[in-house]
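The following exercises concern the structure shown below.

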Amino acid sequence: MFNEVLIENFQSHEKTKLRFNPGVNAILGSSDSGKSALLRAMLWVVENRPLGQAFISHWAFNDKQKIEKPCRVELSLSDGTVSRQRGKEENNYTLNGEALDAPGTDVPDDVALFLNLGEVNI
C-alpha cells in the first residue's frame, strides 16, 4: 500500500527516506535505531497521534527552544501523497499538494478517505 515514507525532524529521524517493496517488508536495526519511531511517524499521519510537540526532534529547535524547522512525515501511495507537518507557523496536512487544516485531534476527512485505513488495518 505505501510506496515510500519521508520523515523529517521526527524523534530520532533528522531526515529519513524509505522505499517499500510490494508485499511484506521487514524493518531491521539495532536497539534504539529508530524502528519504533518510524512506525509512530506513520501513525502520526494516519491517526494524528501523538498530540503536542514532544515528538519533534531536537534538530528542529533553535537555542531558545523555538521551532525553526518543520517536523514532517510524507506517505506516498500509488495514487498520490499525503503529509503531516508541524512547524513554527504550520500545523496541517497536505493531500496531493493541497493544504488541509488539522482540526483539533481529528484527521481531515479527505485524508482518511484517501488512506482508507481503519483500526483493523493497523
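**Exercise 1.** Determine which backbone oxygen the side chain of serine 57 reaches, and describe the surroundings of serine 57.

*Solution.* The side chain of serine 57 comes to 3.1 Å from the backbone oxygen of glutamine 11. This model is predicted: local features need pLDDT of at least 70, side-chain atom pairs count only at pLDDT 80 or more, and totals for chains, interfaces and linings use all residues. Residues are numbered from 1 along each chain as its sequence is written, and side-chain values use heavy atoms, with hydrogens and water left out.

Next, locate the residue: serine 57 sits in the loop between helix H1 (35-47) and strand E3 (71-77). Helices (H or I, at least four residues) and strands (E, at least two) are DSSP runs, numbered from the N terminus.

Then consider its neighbours. Leaving aside residues up to four places away in sequence, serine 57 touches Asn9, Phe10 and Gln11; contact means heavy atoms within 4.5 Å.

**Exercise 2.** State which residues glutamate 74 touches, not counting residues up to four places away in sequence.

*Solution.* With the stated exclusion, glutamate 74 touches Glu4, Val5, Leu6, Thr81, Val82 and Ser83.

**Exercise 3.** Give the order of helices and strands along the sequence.

*Solution.* Begin with the count, which is 2 helices and 6 strands. Along the sequence, the pattern reads β-β-α-β-β-β-β-α.

Note on methods:
A polar contact is a pair of N or O atoms within 3.5 Å; within protein, one must be able to donate a hydrogen and the other to accept it, and residues adjacent in sequence count only if both atoms are side-chain atoms.
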